[in-house]
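Please read the points below with the structure open beside them.

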Amino acid sequence: VRRDDRWMRFHDGELDAEGEAAVRDELRRDSRARAQVEALRRIGDLVREAHQTAPPDLTEQILARVATSNPMRGLPSRTGRGRRVVKPALGLGALALAAAVALLVAEQRREVRPDSDDLLAYDLTPAMPSVSAVALYEAVQTGVSIQSVDFGPTPGAIFMVSGAEQETMVVWTLEDTNDKG
Amino acid sequence: MAVNSGDGKASNRVAREADSEVDRELIERAKSGDQNAFRKLVERHNRRAFVLALALVRDDEDAREIVQEAFIRVHRGLPQFHGGSSFFTWLYRIVHNLSIDFIRRPARRELDADLLREPEEAPGDWSLELPEGNPLDGIQRSELQQRIRAALEELPPYHRGVIVMRELYGMSYEEMAESMGVSKGTIMSRLFHARKKLQKSLASCYEEAFGVKAPEEDQA
């Protein structure tokens with residue numbers, strides 16, 4: 001085994017105990033051996049210093065690619081097994097939620113009795129797109145027709161009050177359903 | 001210890017063995033369907049796989065593509081992985097093979113064909129040729145860094161590969177041989193010549209780089 005080969009293997013921790021002891025002994029006696037081993041160490045240090053910039057974390061991209069490239073094959077999915085149980089539960093939950101919303105809407109319709117004839121036509125059907133009061137006001141100002149208004153769980157109504165020169169929109173909501181205004 | 005944040009010291013075999021143990025456990029869990037375990041494997045190894053791919057193909061986007069493809073293959077191959085080799089050795093072999101295939105593509109061939117052609121080294125050519133010339137005084141560390149980066153860029157892919165595996169990941173000759181699909185002797189030869197080239201590229205600032213005067217040529 002040539003000396004340089006031995007020094008490199010020593011530096012890389014690839015020698016057995018006997019070989020390592022022999023090189024250590026050589027290092028004590030031979031300045032050239034010391035210089036060479038030191039040079040190997042410094043090269044390693046410089047290479048590591050040159051790679052100090054943290055590489056990007058590709059975890060999310062990789063998992064996304066794995067999911068799209070291999071949707072049906074590969075590892076059995078524990079979450080997939082869970083999904084079979086979760087799906088019916090979600091369906092039942094959605095059904096219960098729909099029933100609760102329908103009850104709430106019916107309740108709101110009973111409670112809201114605006115007196116003004118200028119009341120805008122509105123429908124609290126939950127499936128329709130909701131419009132916030134501010135957006136509604138802006139829409140009225142710009143002449144956009146309103147299809148529905150959703151006040152959420154709070155009962156409310158929209159009035160257009162006629163003035164001398166212009167109409168003013170009034171948005172009326174109840175913070176507390178016990179307070180009937 | 002997260003593999004991605006390893007200290008990169010040359011002799012970190014013990015730490016790597018502990019990492020391999022963690023990997024084995026994660027693989028078993030992943031094989032039984034634990035997606036979170038697979039995510040952990042990706043988290044632990046993707047950055048290192050990226051550095052290796054980048055060292056080989058020298059393009060950030062290409063390296064990202066290669067790493068993603070490598071993990072897709074890992075995911076598909078996990079049920080067949082029986083732990084005969086360590087996970088990272090397996091992963092790095094996939095990354096290495098994909099990178100080499102990528103370099104051999106027609107669009108890249110003109111650029112890198114010569115770099116892939118490994119020159120036949122004379123057997124036993126192990127005399128460490130030391131840089132000659134006078135070391136320049138006062139070379140700044142940043143300059144040294146630039147030089148080493150430039151020198152790394154100049155290396156052919158198979159030399160950059162062993163340098164990264166050895167100096168950054170502390171992989172053994174055996175592990176590198178397994179990852180690159182070559183013999184241990186080839187790994188030693190590549191490593192020797194890669195280091196020699198790096199040393200030569202720093203010849204003009206040898207003392208600054210290595211902290212010692214350039215040793216005389218070994219005639220033994």
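1. In chain A, the residues A:Arg3, A:Arg6, A:Trp7 and A:Phe10 of H1(A) meet A:Glu20, A:Val23, A:Arg24, A:Glu26 and A:Leu27 of H2(A). Contact here means heavy atoms within 4.5 Å. Sorted by class, this contact has 4 nonpolar, no polar and 5 charged residues. Ala, Val, Leu, Ile, Met, Phe, Trp, Tyr, Cys and Pro count as nonpolar, Asp, Glu, Lys and Arg as charged, and the others, Gly among them, as polar.

2. This is a predicted model, in which local features need pLDDT of at least 70 and side-chain atom pairs count only at pLDDT 80 or more, while totals for chains, interfaces and linings use all residues. Residues are numbered from 1 along each chain as its sequence is written, chains are lettered from A and ligands numbered from 1 in the order in which they are written, and side-chain values use heavy atoms, with hydrogens and water left out.

3. H1(A) covers residues 3-11 and H2(A) residues 17-29; their axes are 10 Å apart, at an angle of about 110°. Axes are lines fitted to C-alpha atoms, for helices over the stretch in contact, and angles run from 0 to 180 degrees between N-to-C directions. The two helices, H1(A) and H2(A), are therefore roughly perpendicular. Angles under 35 degrees count as roughly parallel, over 145 as roughly antiparallel, 65 to 115 as roughly perpendicular and the rest as oblique.

4. Chain A has 6 helices and 2 strands, in the order α-α-α-α-α-α-β-β along the sequence. Helices (H or I, at least four residues) and strands (E, at least two) are DSSP runs, numbered from the N terminus. Of its 181 residues, 30% count as buried. Buried means under 20% relative accessible area, exposed over 50%, partly exposed in between (1.4 Å probe, protein chains only).

5. Which residues have the most contacts inside the largest nonpolar core? They are B:Leu91 and B:Leu198, in a core of 68 residues. H2 of chain B (residues 35-57) gives the most to this core, with 12 residues. Apart from it lies another core, of 7 residues, including A:Phe10 and A:Leu27. A nonpolar core is a set of buried Ala, Val, Leu, Ile, Met, Phe, Trp, Tyr and Cys residues joined through side-chain atoms within 4.5 Å.

6. H2(B) also packs against H7(B) (residues 157-168), with axes 8 Å apart and an angle of about 150°. H2(B) and H7(B) are therefore roughly antiparallel. Among the residues in contact are B:Val51 and B:Leu52 of H2(B) and B:Val164 and B:Met165 of H7(B). By class there are 8 nonpolar, 1 polar and 2 charged residues in the contact of H2(B) with H7(B).

7. H4(B) (residues 87-103) and H8(B) (residues 173-180) have axes that come within 7 Å and cross at roughly 45°. H4(B) and H8(B) are therefore oblique to each other. Their contact divides into 3 nonpolar, 3 polar and 3 charged residues. H8(B) is mostly covered, with 6 of its 8 residues buried. After H8(B) comes B:Gly181, with a positive phi near 65°.

8. B:Arg58 is not a glycine, yet its phi is positive, about 60°. Most residues other than glycine have a negative phi. B:Arg58 sits in the loop between H2 and H3 (60-77) of chain B, and at 31% relative accessibility B:Arg58 counts as partly exposed.
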